[in-house]
Amino acid sequence: KRNPVASMDGKTMRGVHGDDVIRHMLSLFTHETQQTIGQIGVTVKENEIPAALRLFAQTGITGMTIIADALHTQKDTVGAIRSHHGHYLLIVKENQQELADSIGMACTDSRLNYDTAADGQYTRGRSIETTVDCTHDPDVCAYIASLGWRDVSCVGRLHRAGTRTVCGITTPVDETVYFISS
């Protein structure tokens, strides 16, 4: 049986007025039932990171895999997810440069075993091929753990290439992001 999966994302509400009104919400949305299972306001004096820690405390995430963008790729967030007996899949970008560089180097090591999946999107002005490579190599995961990332069992790379057309203007797409997962 697969773990239930939820995405965490924040959104700012437009048209909300007042000095004491919370305009930014952080939500957990399940992939299986397409329901919001948790939501918390992000105050003006904080950002999404401490709000996420509060969200995990109020929402039952035991056994759930949480997917989040690079903003949430923080050691405290990983620790909170794991302490609530959840799992994580987090995007790694420049905000964690040492981690991104380490995963990037691992993804170019031809001695490692990789699982690879590819998919294409050819609709609504998009012609994009996506390739995902991941490794469960124990030495790589142990090295990432030595940097302070808790319970890493997989690291990998997602690469998108192709074109995207918006309003008749076609632009190339060539993007690589990395990820870590428990």
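How many disulfides does the count come to by the rule applied here? The count comes to zero, a disulfide being a pair of cysteine sulfur atoms within 2.5 Å. I shall return to the cysteines after describing the fold.

First, the conventions. This is a predicted model, in which local features need pLDDT of at least 70 and side-chain atom pairs count only at pLDDT 80 or more, while totals for chains, interfaces and linings use all residues. Residues are numbered from 1 along each chain as its sequence is written, and side-chain values use heavy atoms, with hydrogens and water left out.

Let me begin with the sheet. Helices (H or I, at least four residues) and strands (E, at least two) are DSSP runs numbered from the N terminus, and two strands pair if DSSP finds at least two bridges between them. Nine strands form an open sheet of mixed pairing, in the order β3-β2-β1-β4-β5-β9-β8-β7-β6. Its edge strands, each pairing on one side only, are β3 (36–42) and β6 (115–121). From one strand to the next, the twist averages 20 degrees; axes are lines fitted to C-alpha atoms, for helices over the stretch in contact, and angles run from 0 to 180 degrees between N-to-C directions.

Helix α1 (residues 48–58) packs on the sheet and touches β1, β2, β3 and β4, where contact means heavy atoms within 4.5 Å. The direction of α1 makes about 140 degrees with that of β3. Helix α3 also packs on the sheet, touching β5 (87–92), β8 (154–166) and β9 (169–181), and its direction makes about 95 degrees with that of β9.

Now some individual pairings. Strand β1 (residues 5–12) runs parallel to β4 (residues 65–68), joined by four bridges, and valine 5 stands opposite threonine 65. Between β1 and β2 (residues 24–30) the sense is antiparallel, with seven bridges; here methionine 8 stands opposite leucine 28. Seven antiparallel bridges also link β6 and β7 (residues 126–135), and threonine 116 stands opposite aspartate 133.

I turn to the interior. A nonpolar core is a set of buried Ala, Val, Leu, Ile, Met, Phe, Trp, Tyr and Cys residues joined through side-chain atoms within 4.5 Å. Buried means under 20% relative accessible area, exposed over 50%, and partly exposed in between, with a 1.4 Å probe and protein chains only. The largest such core has 35 residues, and those with the most contacts inside it are Met8, Ile66, Ile103, Ile144 and Ile180. Helix α3 (residues 97–107) supplies the largest share of this core, five residues. Beyond its neighbours within four places in sequence, isoleucine 180 is in contact with residues including Tyr88, Leu99, Ile103 and Trp149.

Which residue does the side chain of threonine 135 reach through a backbone oxygen? That residue is asparagine 113, at 2.9 Å. Threonine 135 lies in β7 and is buried, at 2% relative accessibility.

Cysteine 107 is in no disulfide, since the nearest cysteine sulfur, that of cysteine 134, is 9.0 Å away. Cysteine 107 is buried, with a relative accessible area of 6%. For cysteine 141, the closest cysteine sulfur belongs to cysteine 154 at 6.8 Å, which is too far for a bond; cysteine 141 is likewise buried, at 7%.

Conventions:
A polar contact is a pair of N or O atoms within 3.5 Å; within protein, one must be able to donate a hydrogen and the other to accept it, and residues adjacent in sequence count only if both atoms are side-chain atoms.
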